[in-house]
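Please look through the structure before reading on.

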Amino acid sequence: MIVQGSIDRNAVAEVLLAHRDEFRYCYEKEVNADTPHLLGTVIPEFEIGSSGKVTQAGVRSSSLRNVNVESCILRVLKRIQFPTSVGGAVSVTYPFRFGAVSNQ
């Protein structure tokens, strides 16, 4: 995880881990639909505003190449309440790895 700005990196990681089932669901619904061999990494880059809400989110890179999973991850990120940042918005890059055994 890369964090640019003033926010507790461990707190951000804990929040993301608390929502891991939602991120896993994004992946598993595609695997169960019609792409059973889907695997790869999605790296979103998102901005957490001073209120703790995601103000911007996009996919920085993806080896998964599945727009449904990528879009779902971004929707989940935008719903999450993160810790508040100090001194303005912070930029976060976090890799999500998916495969036979999904681990974020």
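Q: Is Phe98 buried or exposed?
A: In this predicted model, the relative accessible area of Phe98 is 5%. Buried means under 20%, so a value of 5% places Phe98 in that class. Phe98 is buried.

Q: At what angle do the ring planes of Phe96 and Phe98 lie?
A: Phe96 and Phe98 are both buried. Their ring centres are 6.4 Å apart, and the pair is stacked because the angle between the planes is 10°.

Q: How many aromatic pairs does the structure hold, and what is the centre-to-centre distance in the one formed by Tyr27 and Phe98?
A: A pair of aromatic rings is described by the distance of the centres and the angle of the planes. There are 5 aromatic pairs in the structure. One of them joins Tyr27 and Phe98, which are stacked with 15° between their planes and a centre-to-centre distance of 5.0 Å.

Q: How many residues apart in sequence are the parts tied together by Tyr27 and Phe98?
A: Tyr27 belongs to helix α2, whereas Phe98 belongs to strand β5. Tyr27 is buried, with a relative accessible area of 5%. The pair therefore links parts of the chain whose separation in sequence is 71 residues.

Q: Which residues form one aromatic cluster with Tyr27 and Phe98?
A: Phe96 stacks with Phe98, and Phe96 is also a member of the cluster. Besides Tyr27, Phe96 and Phe98, the cluster takes in Phe23 and Tyr94.

Q: Which elements are included in what covers the buried residues of α2?
A: Helix α2 runs over residues 20–33 and reaches 20 Å from its first C-alpha to its last, close to the 20 Å expected. Its buried residues are Phe23, Cys26, Tyr27, Glu30 and Val31. The cover over these residues includes α1 (9–18), α3 (67–79) and β5 (96–98).

Q: With which side chain does the side chain of Ser91 make a polar contact?
A: Ser91 is found in strand β4, residues 90–93. Its relative accessible area is 19%, and since the cut-off for buried is under 20%, Ser91 counts as buried. At 3.4 Å, the side chain of Ser91 makes a polar contact with the side chain of Glu45.

Q: What is the phi of Arg65?
A: Arg65 sits in the loop between β3 (54–62) and α3. Arg65 is exposed, with a relative accessible area of 69%. Although Arg65 is not a glycine, its phi is positive, at about 55°.

Conventions: Residues numbered from 1 in each chain as written. Predicted model: local features only at pLDDT ≥ 70, side-chain atom pairs only at ≥ 80, totals over all residues. Heavy atoms only, no water. Helix = DSSP H or I, 4+ residues; strand = E, 2+ residues; numbered from the N terminus. Expected span 1.5 Å × (residues − 1). Buried < 20%, exposed > 50% of the residue type's maximum accessible area, 1.4 Å probe, protein only. Contact = heavy atoms within 4.5 Å. Polar contact = N/O pair within 3.5 Å; in protein donor to acceptor, adjacent residues only side chain to side chain. Phe/Tyr/Trp six-rings, centres within 6.5 Å; stacked < 30°, edge-to-face > 60°.
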